[in-house]
Amino acid sequence: MTQSLNGWVVPPKKLVTKKVPGADRRLTLAEDAAPLLLAVAADYNKSVRRIDIGPTDEGGYNNRDANGAPGRKSNHASGTAIDLNWSQEGSQNSNWGKKFFGQVKTKAAIAVMKQRYGKWVQWGGDWNAKDYMHWEIKPGVTPIMVKAACTKLKI
């Protein structure tokens, strides 16, 4: 059985494509991860930056290897990661991302999201190679834990 970097099955048992609440965008995700990651995307859209302005540049499931780790599956391959506004947030360590995510208002909005979801989800903006567009289920977080998180967060 193949697993992604966070330990989820590749390919996922079941994929679902769902609308992000409050936004005119859809994401394809592992069914077990979808409610939590859709809530993250909805909160990002509402409090950090709209995701449904401009080109469709959001994504979830993509069966591929992890960047810089040939032969190891990305968390996108298990449907447990999302990228939001990739044409705006840019590639890793983008100058635009450094400026936008360095603003006081943006930092505060991200801090609220990390406080709400941080036990189960991590943000690529916290990595050494900043990946501002990226959110994923943390390694070690299981589908059962995601379901419990959704109950706790009333998702």
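Me: Where is the place of Thr-80?
Reply: Thr-80 sits in the loop between β6 (69–73) and β7 (81–83). Helices (H or I, at least four residues) and strands (E, at least two) are DSSP runs, numbered from the N terminus.

Me: What kind of model is this?
Reply: This is a predicted model, where local features need pLDDT of at least 70, side-chain atom pairs count only at pLDDT 80 or more, and totals for chains, interfaces and linings use all residues. Residues are numbered from 1 along each chain as its sequence is written, and side-chain values use heavy atoms, with hydrogens and water left out.

Me: Back to Thr-80. Why does it count as buried?
Reply: Because its relative accessibility is 0%. Buried means under 20% relative accessible area, exposed over 50%, partly exposed in between (1.4 Å probe, protein chains only).

Me: Which residues is Thr-80 in contact with, leaving aside neighbours within four places in sequence?
Reply: Ser-4, Asn-6, Trp-8, Ala-33, Leu-37, Asn-75, Trp-135, Glu-136 and Ile-137. Contact means heavy atoms within 4.5 Å.

Me: Trp-8 makes me think of pockets. How much space lies in the second largest pocket?
Reply: About 200 Å³. Of its 14 lining residues, Trp-8, Val-9, Lys-13, Asp-32 and Pro-143 are the closest to its centre. On a 1 Å grid over the protein atoms alone, a pocket is an open set of points where a 1.4 Å probe fits, with protein on both sides within 12 Å along at least five of seven lines; lining residues have an atom within 4 Å of a point. The volume is the space filled by probe spheres set on the points, which are joined across faces, edges and corners.

Me: Asp-32 again. How far is its C-alpha from that of Lys-147?
Reply: They are separated by 7.4 Å, though 115 residues apart along the chain. Lys-147 lies in helix α5 (residues 143–153).

Me: Is Lys-147 buried or exposed?
Reply: Exposed, with a relative accessible area of 64%.

Me: Now Asp-57. Which side chain of opposite charge is nearest?
Reply: Arg-25, 4.9 Å away. Asp-57 is buried yet has no salt bridge. A salt bridge is a side-chain nitrogen of Lys or Arg within 4 Å of a carboxyl oxygen of Asp or Glu. Lys and Arg count as positive and Asp and Glu as negative; His and the chain ends are not counted.

Me: Where is the place of Asp-57?
Reply: In the loop between α1 (34–47) and β5 (65–66).
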